[in-house]
Amino acid sequence: MSETILSVENLRVEFETRRGTLVALDDISFSIAKGEVLGVVGESGAGKSMTGAAIMHLIPRPGRIAGGRILLGDQRIDNLDRTGIEAIRGRRIGMIFQDPLTSLNPLMTVGDHLTETIRVHLPLNRRQARARAIELLEEVGIPDPAVRIDSYPHEFSGGQRQRVVIALALCAEPELVIADEPTTALDVSVQAQIIKLIRKLCSTRGTAFMLITHDMGMIAETADRVAVMYAGKVAEIGKVSQVVGAPLHPYAQGLMGAIPSLDNEEPRLRQIPGSMPSLTALPDGCSFHPRCERAMDICRQRAPALLGAIDHKVACHLYEREEVAA
Amino acid sequence: MIALVIRRLLQSLAVMLVVSLLAFVMFRYAGDPVNQMVGAETTAAERQAVRESLGLDQPTLVQFARYVGRVVTLDFGVSYQFRQPVTKLLAERLSATLELSFVAALISLFAGIVLGVYSALNPRGRISSLLQSVSLVGVSLPTFLIGILLIYIFSVSLGWLPAFGRNGLIPVTENWSTGLLTIEGWKSLFLPAITLGLFQMTLIMRLVRSEMLEVLRTDFIKFGVARGLPRARLYFRHALKNTLVPVITVVGLQIGSIIAFSIITETVFQWPGMGLLFLQAVQNVDIPIISTYLLLIALLFVTVNLIVDLIYNFIDPRLKDAAS
Amino acid sequence: MAEASSDTTKPAEQSLRARIADNDIFIDFRRNRLVMFATALLVVILGASLLAPWIAPTDPFDPLSLDIMNSNLPPVWQADGQWPFLLGTDDQGRDMLSAVLYGLRVSIIISALGVFLAAAIGICLGVLAGYFGGFLDAFIMRVADIQLTFPAILIALLIDGLLHGMLPSLTRESSASWVIIISIGLSFWVQYARTIRSSTMVERKKDYVNAARLFGLPPVAIMARHILPNVMGPVLVILTINFGLAIITEATLSYLGVGLPPMQPSLGTLIRIGQEFLFSGEWWIVAFPGIALAALVLTINLLGDWLRDALNPRLR
């Protein structure tokens, strides 16, 4: 495996509320290598976006990192102060949000956005920054960038705005881009174009992506590896071919069953019964057991650990026993 | 852009026509103008002569047209109380009200925006919560009570500033004298201006604070933080400009309040402005002055709204495109 | 957000008392000491003023009870103070405590009537505009827009001037309270109309309204019996906030001398009369009515602010 850019180790995020402490993220571990796309999937509320926010120090109040480490290269970044993390944001880690309509300041031109961001991070003068902004727009596929650079956000279509947002995230050539549901707000045809763009950027620039989504189809098309999250924990993590092709965790199996497929023999989509518990009412043991068809006694008592080979791990008692036996 | 200006101008003209109809109806039908102009011992024939000389025997539409004609030439009739042309009475007092309102508006805008931004950026700070409490008190205290309190502190107890009146005037033209050129003038302006501006200031401060908090929660600010933009740049370049768009509208509308409160402030400090004149007119049912004051205020409103619309279009590119 | 949804997950069999105790608004109320204090003070002020005829030491407007020998007495804790004039007396020997209590009473009753009139006008017009839509809606809302740009004081002054211009026989003594109530009513209806209109437009499209229409109920019955109870929610908050504004408006009109006459003084009238005495050192004649007015409005505003925030969790 090539060099690791980001590694998250045993990350825990807590929210102090007047109804007690909520654990939003519990014992999250994963890593991302250079030029790799790591997909992070799960239902809304599973903690996908919280993981991205924790890396960038963007957890909303009163949340805080209560344990674990986050390493960018060799540098520990979870304990940086405000100036420390500001030097990382945009410079070494870029971030993209869900809705390109609201991600841009309506009162500034696209060019103002880009040159501003470029000049904050790189020692370029106004003219050089503008030239670079045009290059970036060209690279993300905005036609006629030298003219379009002086347009306001509302003059772009949704897909084009997301391209602009990606260009903004790439201004200072970060090693990693965290993309939080980058295509959810877009039309299906536009989604495919954005996915293609992300793949292209990975191969040409070696930028790594952490792709947060609830869309398994998109993961299958875009990601190299995938982490499945459930109720603030990683349920399964591994290569896309393994996790999508032969999922181990009953939840992951359920998710895969929820992808419609033409050559699927089954007459209708399988779905997982019930819904994810809220963080205020997590069940004891494995938090998935109330919805699991294969739940055992131990699932109700003890939470399973994330175990397995380096490139494919799962947190489920079904496999823990085999491990112990082997 | 020009099409927009013309359309807005036409709308303003329509509004002014409606208001002048209202003023005309008041002028003509609230009380009999003839009775107000002649003595008790006047004969019926003499009354009729006055009636005809005023054109009150003509059809209503003709009377309205004549009224508008007179208004356009700044002839608003004669005050019942003072037996003087309303135009002259108002012109004498225009400078007092304008100077007071202008200084008060500047104070409230400047302090309101600065304090509002500060408390939005430090929402949990000690000073911010103090400001919030003080502003609640400021909104709760009636203007006249604040004025009386200030008089008690600065005039009666400390004796630093005059308690009432407008002093230190230097005549500029026949009808216009300014108090802004002498220390004495500023001294007498100070308390009324603070009193008039305080309510607007707390209002602007609260509005700026809540709008700015709203803007700071938006995605584009979050995205700006994630891009590593420095705080100062995000706050003052991105957030403040977006905050000011709704603030401008409200401030424009607040011009009306400044005028209404100038009536109160002028009463508390016996400031010889138009508001005091209007209040005397209301107390003595001096309809020509009341209706003219109404017209004047409508004109001010329409003008301010026009300006606000144009500023709006200048700031927000989305509206520019929608208009053309 | 978590607080807002928690109510729905509570078991239904909880007793009412337990539900109130566990209700977020109530918890918030208990935690917010300032609001608790303000509410207690407000209750005291309202109670004392409404009971003024029974608890005030003297009837300040009965000329027989006044003794000029007792004029301009300072409050009892001052050197020249005398019992039973707790807060001192004015230039006619009137007991200030009694005057303040009676003044509060006048202010509160007039403002409350004005606010209720405003609510009645606003709710009627709002439901009509929301239910029928079209030209009626456009017309009512256009008038509302225009009126909203004019401050209440100015409108009230204009109405006052016009009423007296058209009805010269009207004397200030007999008509003052009605003129003020009408002025407040016509100045404050807009907010109710806007709120009620938008929720009526939502309700109008719901099935129960369609069903009522199919039964052949006349529109008036549908509006009054079916829609009205469902759109009244926000009215309480607006009432509270407007009550504070109405008291300020009434006090200001009285202060300006177009409100209540000295025969029937509200707090504003007392302050106008008392202001002259500020310069001769009798500060208490203006101070106590002023403090009473400020305390009344401030407690109402604190309660109104808190109510608005508590009922609208998004703003927190």
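This is a predicted model: local features need pLDDT of at least 70, side-chain atom pairs count only at pLDDT 80 or more; totals for chains, interfaces and linings use all residues.
Residues are numbered from 1 along each chain as written, with chains lettered from A and ligands numbered from 1 in written order. Local features need pLDDT of at least 70 and side-chain atom pairs pLDDT 80 or more, whereas totals for chains, interfaces and linings use all residues.

**Exercise 1.** State which domains chain A has and how they touch.

Solution. Step 1: the assignment (automatic or from a database) gives domain 1 (4-92 + 172-261 + 270-325) and domain 2 (105-171). Step 2: their C-alpha centres lie 30 Å apart. Step 3: twelve residues of domain 1 and 13 residues of domain 2 form the contact, where two residues count if their C-beta atoms, placed from the backbone, lie within 7 Å.

**Exercise 2.** Describe the side of chain C that touches chain B.

Solution. Step 1: chain C gives 36 residues to the contact and chain B gives 29 residues. Step 2: helix 8 (152-166) of chain C supplies the largest share, ten residues; helices are DSSP runs (H or I, at least four residues), numbered from the N terminus.

**Exercise 3.** Check the length of helix 6 (residues 126-140) of chain B and find its buried residues.

Solution. Step 1: the expected span is 1.5 Å times one less than the number of residues. Step 2: the 15 residues should therefore span 21 Å, and the end C-alpha atoms are 21 Å apart, which agrees. Step 3: L131(B), S135(B) and S140(B) are buried, meaning that 20 or more other C-beta atoms, placed from the backbone, lie within 10 Å of their own. Step 4: these residues pack against helix 5 (86-121) and helix 8 (183-216) of chain B, and against helix 12 and helix 14 of chain C.

Notes:
Helices (H or I, at least four residues) and strands (E, at least two) are DSSP runs, numbered from the N terminus. A residue is buried if 20 or more other C-beta atoms lie within 10 Å of its own, exposed if 12 or fewer, and partly exposed in between; C-beta atoms are placed from the backbone.
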